[in-house]
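Hi,

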Amino acid sequence: MADQEFIPVNTPLLDGNEKKYLIECIDTGWVSSEGPFIKRFEEGFAAKMGRKYGVAVSNGSVALDTAAISLDLKPSDEVIMPAFTIICCASAITRVGAVPVLVDADPLTWNMDVSQIEAKITSRTKAIMVVHVYGLPVEMDKVIQLAQKYNLKIIEDAAEQHGQHYKGRPVGSFGDISCFSFYPNKHITTGEGGMIATDDPTLAKRCRALRNLCFRPDRRFVHDELGYNYRMTNIQAALGVAQLERMDEFVAKKRRMGALYNKLLSHVTSIQLGVPRTDYAESIYWVYGVVLKDEVPFDARQAIERLTNAGVGARPFFWCMHEQPVFEKMGMFKNDKYPVGERIARRGFYIPSGLGLSEKQIETAAKRLISILP
Ligand SMILES: Cc1ncc(COP(=O)(O)O)c(C=O)c1O
């Protein structure tokens with residue numbers, strides 16, 4: 001609609017020390033990955049997540065790739081992970097030749113249903129990959145108990161939930177290796193960027209080598225292993241340091257935004273909202289997701305089209321791994337069925353959730369959402 005303000009799905013907030021630190025990069029000439037903001041960001045972020053080591057990389061997807069390589073997963077090793085997630089989780093496992101084994105989502109939290117994990121454990125299982133999606137963390141007690149019982153590693157994808165806590169402990173502190181993204185829709189952003197966090201010095205060293213072409217420390221340009229250039233620049237880390245200074249403020253703002261949407265939408269019977277809190281966490285509302293109930297005669301794609309026409313940016317939920325054409329072509333997940341994931345992928349979408357959103361924009365987005373529903 002030409003005459004009304006379009007409300008974008010995401011707008012980051014960059015009005016702290018970002019500009020000052022970026023100018024510092026330019027004035028000092030430190031623009032590559034060698035600059036001092038990298039160490040500051042790695043140390044500051046790791047400390048905030050309750051971890052000993054942080055390894056900054058160029059995005060969250062390569063953080064997962066690097067983590068999978070660093071764990072020395074072998075072909076035919078199995079990794080249990082959610083069906084309902086973003087593809088880079090499964091591609092990280094697949095690219096090292098290991099086998100992703102899926103579990104369905106929980107219908108209320110939309111996270112992996114941890115009660116389905118144990119039945120999928122075999123003698124080949126080496127790890128559980130947890131992915132905290134949208135607002136609430138995965139129920140970690142059960143995952144930790146299974147990892148201990150069967151001697152499995154935990155790979156934690158906390159890309160969407162920096163600043164979240166599970167029973168008071170930072171999300172991102174649960175994995176043998178944990179990964180984060182700093183894409184602009186995340187709670188803190190570096191434009192593009194990612195981080196690997198761990199308490200294991202050997203894993204941290206390995207990830208540092210892998211992100212930088214595996215140069216031999218004693219002889220540059222000599223390599224015992226094939227690495228990658230997954231380095232973050234000092235410019236990105238400068239943004240990260242400035243954003244990290246405000247992370248708690250951002251998380252509090254996200255929760256206020258989520259509470260306002262809840263207030264405006266909780267009476268709408270044709271949509272399911274996210275769970276605001278459980279006994280282990282309060283939602284962090286990374287994005288504000290809704291799922292169309294069965295009585296709504298259209299799906300998420302049509303809802304997004306209607307919303308776009310009404311001046312509201314919206315995005316679909318993830319599309320499950322077992323329904324990805326690329327994995328079908330590779331002969332993976334044949335005959336797998338995950339009814340909850342399949343349903344929420346078809347019926348779920350998220351509405352404007354960026355930190356730059358005003359209360360008035362939230363009110364307008366909610367009003368327009370209600371107007372497109374039957
Ligand atoms: C759960 C999850 N993992 C990984 C990623 C990948 O992060 P990036 O976009 O930085 O590669 C995302 C991105 O949104 C994500 O939501």
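Let me start with a cysteine: C320 is buried, because its relative accessibility is 0%, where buried means under 20% relative accessible area, exposed means over 50%, and partly exposed is in between (1.4 Å probe, protein chains only).

Before the rest, some ground rules. This is a predicted model, in which local features need pLDDT of at least 70 and side-chain atom pairs count only at pLDDT 80 or more, while totals for chains, interfaces and linings use all residues. Residues are numbered from 1 along each chain as its sequence is written, and side-chain values use heavy atoms, with hydrogens and water left out.

**Cysteines**

If a disulfide is taken as a pair of cysteine sulfur atoms within 2.5 Å, the count is zero. C89 is in no disulfide, as the nearest cysteine sulfur, belonging to C88, is 4.9 Å away.

Helices (H or I, at least four residues) and strands (E, at least two) are DSSP runs, numbered from the N terminus. Two strands count as paired if DSSP finds at least two bridges between them.

Seven strands make up an open sheet with mixed pairing, in the order β1-β9-β8-β5-β4-β2-β3. At its edges are β1 (53-57) and β3 (99-103), each pairing on one side only. From one strand to the next, the twist averages 20 degrees. (Axes are lines fitted to C-alpha atoms, for helices over the stretch in contact, and angles run from 0 to 180 degrees between N-to-C directions.) Within this sheet, β2 (78-82) and β4 (125-131) are parallel and share three bridges, with E78 opposite T125 of β4. Helix α6 (201-211) lies across β1, β8 and β9 (194-198), at about 15 degrees to β1.

The order here is β12-β13-β15-β14, an open sheet of four strands with antiparallel pairing. β12 (271-273) and β14 (315-316) are the edge strands with a single partner each, so one side of each has no neighbour in the sheet. β14 and β15 run antiparallel and are joined by two bridges; P316 has F349 of β15 as its bridge partner.

Helix α8 (247-265) lies across β12, β13 and β15, at about 30 degrees to β13. Helix α11 (339-347) has V340, G341, E342, I344, A345 and R347 as its buried residues. These pack against β13 (288-292), α9 (300-309) and β15 (348-351), with contact meaning heavy atoms within 4.5 Å.

**A hairpin**

β10 (215-216) and β11 (219-223) run antiparallel, joined by two bridges. F215 is the bridge partner of H223 in β11, and two residues separate the strands of this hairpin.

**Around the ligand**

A residue is near a molecule or strand if one of its heavy atoms lies within 4 Å of it. There are 13 residues around the ligand, of which S61, D157, E160, S181 and K186 come nearest.

For polar contacts I used pairs of N or O atoms within 3.5 Å; within protein, one must be able to donate a hydrogen and the other to accept it, and residues adjacent in sequence count only if both atoms are side-chain atoms.

- A ligand nitrogen lies 2.6 Å from an N or O atom in the D157 side chain.
- A ligand oxygen lies 2.7 Å from an N or O atom in the S181 side chain.
- A ligand oxygen lies 2.8 Å from a polar backbone atom of G60.

**Two buried polar residues**

Q236 belongs to helix α7 (234-244) and is buried, because its relative accessible area is 14%. A polar atom of the Q236 side chain is 2.8 Å from the backbone nitrogen of T233. Leaving aside neighbours within four places in sequence, Q236 contacts S58, T190, E192 and G193.

S173 sits in the loop between β7 (169-170) and β8 (177-181), and is buried because its relative accessibility is 7%. Its side chain reaches the backbone oxygen of P170 at 2.6 Å. With neighbours within four places again left aside, S173 is in contact with M49, G50, R51 and E156.

Best wishes
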